[in-house]
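Welcome to a short tour of side-chain contacts. Have a look at the sequence and the model below, and then we can walk through the rings and charges together.

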Amino acid sequence: MVKKTNKNLLLALALIFGGIAATGYLVYENSLLQEGNQELVKEILWNRSGFFAITQSLNGTIKDLTATLDSTRQELADTIKTRDYVGTQFNLEKQKNDAFSNQINEIKGQLGTLQKINNTDPDLLKKYSKVYFLNENYVPRSFVKIDSGYTFKPEETFLFYADTWPFLKVMLDTAKADNVDLKVLSAYRSFSEQSSLKSSYKVTYGTGANKFSADQGYSEHQLGTTIDLTNESVGASLDGFDKTPEFKWLTDNAYNFGFIMSYPKGNDYYQYEPWHWRFVGRALAQKLHDEGKNFYDLDQRTIDEHRVSFFD
């Protein structure tokens, strides 16, 4: 009985001491755990503090970048506005400069036109033959002697207005290339020469001379831009010249070189003279050909408009 009681006591004591020990260990373990949690909490709090600091720094950077972006956007908008304004001003100035340039070119053109007109003797396009008059002092500015190969009488001297000679030469050379035999029978005649010629005609034909010969001062030959043309077969008589291939060629081609027949059939001034051709410039000759008109049919003002193109 005593042994059994002792065993129970020992067991109870063992349980008591075991519980005390277990409790003590738990207390110690909890203490350790609490100490560990504090360190962990400290670490977490420290990390959280750092995170907050980084976040605040990032927020500040973002705020700065946003402000910079807004400022850049405003500068860009101002730049675009300035660019548009400058572009508008540039276009306005360009328009002004273009207009000014056009005015300058127009003035240059007008000056060039005036210079051409001033360099063209106004008498060269006047309607003579009982209309306008050339006095005894009128002489073309310069002459060229027509080469004898182009004349019907090689032994005689024939003069032509120098500035219009190239047109006549090309016409005669072109005719020759087309197997057309054109020869110059008469060219420049001075006031006194025309006077002598008219006097001789009056002796022979009386007042009938007025039908085919101009008085001195009214002859186109005094201009130096007018010629009488013939061929070898017709010669100086000029009879039947309008039946020749040469006349046909002149009718079809002379206007291309600036020459017109002054006195066609039905004119109000002189008898029909198919041999008498006057240089009036290619533009006017073309106009007369296209419209089927005679030089003397036009108003003098209309004729004078072609002074600027006389040598073109």
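How many aromatic pairs does the count come to? By the rule used here, there are 15 aromatic pairs. Rings of Phe, Tyr and Trp (its six-membered ring) pair if their centres lie within 6.5 Å, and planes under 30 degrees apart count as stacked, over 60 as edge-to-face and the rest as tilted.

## Ground rules

Please keep in mind that this is a predicted model, in which local features need pLDDT of at least 70 and side-chain atom pairs count only at pLDDT 80 or more, while totals for chains, interfaces and linings use all residues. Residues are numbered from 1 along each chain as its sequence is written, and side-chain values use heavy atoms, with hydrogens and water left out.

## Aromatic pairs

Let's start with Tyr269 and Tyr296. Their ring centres are 4.7 Å apart and the planes meet at 45°, so this pair is tilted. Tyr269 sits in the loop between strand E5 (259-263) and strand E6 (273-279), whereas Tyr296 belongs to the loop between helix H5 (282-291) and helix H6 (300-304); the pair links distant parts of the chain, 27 residues apart. Helices (H or I, at least four residues) and strands (E, at least two) are DSSP runs, numbered from the N terminus. Tyr296 is buried, at a relative accessible area of 5%. Here buried means under 20% relative accessible area, exposed over 50%, and partly exposed in between (1.4 Å probe, protein chains only).

Phe279 lies in strand E6 and Phe310 in the segment after H6, so parts that are 31 residues apart in sequence are tied together. Phe279 is buried at 0% relative accessible area, and Phe310 also counts as buried, at 0%. Both belong to one aromatic cluster formed by Phe167, Phe259, Phe279, Phe310 and Phe311.

## Salt bridges

Now for the charges. The structure holds 10 salt bridges, each being a side-chain nitrogen of Lys or Arg within 4 Å of a carboxyl oxygen of Asp or Glu. One of them joins Arg73 to Asp70, with the closest N and O atoms 4.0 Å apart. These two residues lie in helix H1 (residues 2-118), 3 residues apart, about one turn of the helix. Arg73 is exposed, at 52% relative accessible area, while Asp70 is partly exposed, at 40%.

In helix H2 (residues 165-177), Lys169 and Asp173 are 4 residues apart, again about one turn of the helix. Their salt bridge brings the closest N and O atoms to 2.9 Å. Lys169 is partly exposed at 32%, as is Asp173 at 30%. Arg278 forms a salt bridge with Glu220, the closest N and O atoms being 2.8 Å apart. Arg278 lies in strand E6 and Glu220 in the loop between helix H3 (191-205) and strand E4 (226-230), so the pair ties together parts that are 58 residues apart in sequence. Both Arg278 and Glu220 are buried. Elsewhere, salt bridges that share partners join Lys287, Glu291 and Lys293 into one network.

## A buried arginine

Arg307 is found in the segment after H6.
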